[in-house]
Amino acid sequence: MNNLTIWQQLIQQTQLRWREVIEATSIHIQLVFFSMIIATILAVALGILVTRVPALKTLVLGGTGVLQTVPSLALLGFMIPIFGIGVKTAIAALFLYSLLPIMRNTYTGIKDVDSATIEAARGMGMTSMQILFKVELPLAIPVIMAGIRTAAVINVGNATLAAFIGAGGLGDFIFLGITRGIDGLILLGAIPATLLAILLETFFSGVERWTTPKGLR
């Protein structure tokens with residue numbers, strides 16, 4: 001194995017493990033998907049709450065900002081006593097890492113809505129809830145989507161660390177390649193993870209452009 005070039009190793013490992021790669025990619029996607037769904041729902045709700053109760057801004061945004069500074073492996077370690085070893089711990093850690101970008105962008109997107117637009121909506125007799133759902137959120141969606149895109153791409157990378165706690169995913173190949181000294185095996189996990197991140201970046205960039213009103217493009 002050591003006499004082979006890294007690309008020969010990659011081809012050999014792909015031929016031997018392609019079914020495992022497909023399964024690991026599926027697990028990787030599930031880790032990112034479920035953590036993002038939970039984070040998006042909670043982060044958008046908290047972002048809206050902070051715009052309505054400014055006194056909570058420092059507590060909520062500051063608290064999630066602190067979570068963002070905790071190293072990925074350390075955060076996984078903190079989650080293990082609560083959720084144990086496995087998928088639940090990985091999803092919980094990825095969820096926490098996703099909160100700040102989505103919450104911050106939700107807050108920023110709503111706060112950046114032109115006050116004249118809101119006053120015009122009030123003048124038309126809209127209630128606060130109607131203004132939120134029919135004016136503020138539609139105008140803030142592109143900014144919120146940018147936060148979701150950032151969180152999703154970051155999570156694809158962080159999800160590779162799930163291998164260290166037995167949650168599976170593409171990180172298994174990276175970890176195995178490091179322990180066995182097989183560079184091709186490392187690439188077998190790194191390349192699909194990179195492609196997945198690029199795919200998500202492209203997808204959410206398209207959604208962001210699509211949700212941006214024509215007058216703001």
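How many helices and how many strands does the protein have? The predicted model contains eight helices and zero strands, where helices (H or I, at least four residues) and strands (E, at least two) are DSSP runs numbered from the N terminus. Along the sequence the pattern reads α-α-α-α-α-α-α-α. Residues are numbered from 1 along each chain as its sequence is written. Because the model is predicted, local features need pLDDT of at least 70 and side-chain atom pairs count only at pLDDT 80 or more, while totals for chains, interfaces and linings use all residues; side-chain values use heavy atoms, with hydrogens and water left out.

The C-alpha atoms fill a box of roughly 75 × 40 × 20 Å, taken along the principal axes. Of the 217 residues, 45% count as buried, that is, under 20% relative accessible area, with exposed meaning over 50% and partly exposed in between (1.4 Å probe, protein chains only). Among contacts (heavy atoms within 4.5 Å) between residues at least 6 apart in sequence, 76% join residues at least 24 apart.

A nonpolar core is a set of buried Ala, Val, Leu, Ile, Met, Phe, Trp, Tyr and Cys residues joined through side-chain atoms within 4.5 Å. The largest such core has 45 residues, and Met36, Leu75, Leu99, Ile102 and Ile148 have the most contacts inside it. At least two residues of this core come from each of helices H1 (6-52), H2 (57-69), H3 (72-83), H4 (87-111), H6 (128-158) and H8 (183-211). H4 supplies the largest share, 13 residues. Another core, of 10 residues, lies apart from it and includes Val21, Leu170, Leu185 and Leu188. When neighbours within four places in sequence are left aside, Leu75 is in contact with Val70, Ala93, Leu96 and Tyr97.

The largest pocket holds about 280 Å³ of space. A pocket is found on a 1 Å grid over the protein atoms alone, as an open set of points where a 1.4 Å probe fits, with protein on both sides within 12 Å along at least five of seven lines; lining residues have an atom within 4 Å of a point. Of its 13 lining residues, Val32, Phe33, Met36, Leu200 and Phe204 are the closest to the centre. H1, H6 and H8 each give two or more residues to the lining, and the largest share, six residues, comes from H1.

Ser205 lies in helix H8 and is buried, with a relative accessible area of 13%. A polar atom of the Ser205 side chain lies 2.7 Å from the backbone oxygen of Glu201.

Technical notes: Polar contact = N/O pair within 3.5 Å; in protein donor to acceptor, adjacent residues only side chain to side chain. Points joined across faces, edges and corners; volume = space filled by probe spheres on them.
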